[in-house]
Amino acid sequence: MAEVHVLVLDGRGHLLGCLAAIMAKQVLLGRKVVVICCQGINISGNFYKNKLKYLAFLCKRMNINPSQGPYHFQAPSYIFWWTMRSMLPKTKRGQAALDCLKVSDSIPSPYDKKKRTVVPAALKVVHLKPTRKFAYLGCLSHEVGWKYQAVTATLEEKRKDKAKIHYQKKKQLTRLWKQAEKNVEKKIDKYTEVLKTHGLLV
């Protein structure tokens, strides 16, 4: 069975609404999408104003039975998921599309070794002038009750340290490989010429 291609997206530096709209289109087409580092997503507008909006949202509840909603998500990943959910149709197709989405506040284990991509059309530097104010989703979540900002930062530092060690080893192996190729270059010269004449080497 063919492996399903998963789009791993780094959320840092993207605008919340633009990214959610583009990703909603992708999941409706049936693509598997994973959005990581949701705490680095940007929201246009002043931080204080965004905080007041969210605090006003926290006050909204159902008088008869509050357990029936609205549900107030506080983690950045769930805020992004909730934003994107509102852009999908309230049908079985929309529910199936939402199942194609995974979100995370940091870079979890399977995706830390995979290639991460960005969406140029949703980047903050493309949409906002340098003088315009913006807020980080992670800071906003921390102010409204998210308790894991420090934990996420610690895990990210550990991941960076591990990645640095892995990169140094990779560099060393590449250097040794190039040195080995140089050492045997004269010995395999005649075989290389034969392979080139047959079009097997470029």
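## Ground rules

Residues are numbered from 1 along each chain as its sequence is written, and side-chain values use heavy atoms, leaving out hydrogens and water. Since the model is predicted, local features need pLDDT of at least 70 and side-chain atom pairs count only at pLDDT 80 or more, while totals for chains, interfaces and linings use all residues.

## How α1 meets α3

Let's start with helix α1 (residues 16-28) and helix α3 (residues 76-85), whose axes come within 9 Å and cross at roughly 60 degrees. Helices here are DSSP runs of H or I with at least four residues, strands are E runs of at least two, and both are numbered from the N terminus. Axes are lines fitted to C-alpha atoms, for helices over the stretch in contact, with angles from 0 to 180 degrees between N-to-C directions. The two helices are therefore oblique to each other; angles under 35 degrees count as roughly parallel, over 145 as roughly antiparallel, 65 to 115 as roughly perpendicular and the rest as oblique.

On the α1 side, Leu16, Leu19, Ala20, Met23, Ala24 and Val27 meet Phe80, Thr83 and Met84 of α3 (contact means heavy atoms within 4.5 Å). These contact residues divide into 8 nonpolar, 1 polar and no charged. Ala, Val, Leu, Ile, Met, Phe, Trp, Tyr, Cys and Pro count as nonpolar, Asp, Glu, Lys and Arg as charged, and the others, Gly among them, as polar.

The largest pocket has a volume of about 430 Å³. A pocket is an open set of points on a 1 Å grid over the protein atoms alone, where a 1.4 Å probe fits, with protein on both sides within 12 Å along at least five of seven lines; lining residues have an atom within 4 Å of a point. Volume is the space filled by probe spheres set on the points, which are joined across faces, edges and corners. Of its 15 lining residues, Asp112, Lys113, Arg159, Lys162 and Ala163 lie nearest the centre. The lining has 5 nonpolar, 2 polar and 8 charged residues.

The second largest pocket holds about 190 Å³. Its lining includes Leu16, Tyr54, Trp82 and Thr83, and α2 gives the most, with 4 residues. This lining divides into 8 nonpolar, 2 polar and 1 charged.

## Backbone features

A cis peptide bond joins Gly69 and Pro70, with omega about -5 degrees. Pro70 sits in the loop between α2 and α3.

Cys37 is not a glycine, yet has a positive phi of about 55 degrees. Cys37 is found in the loop between β2 (32-36) and β3 (42-44).
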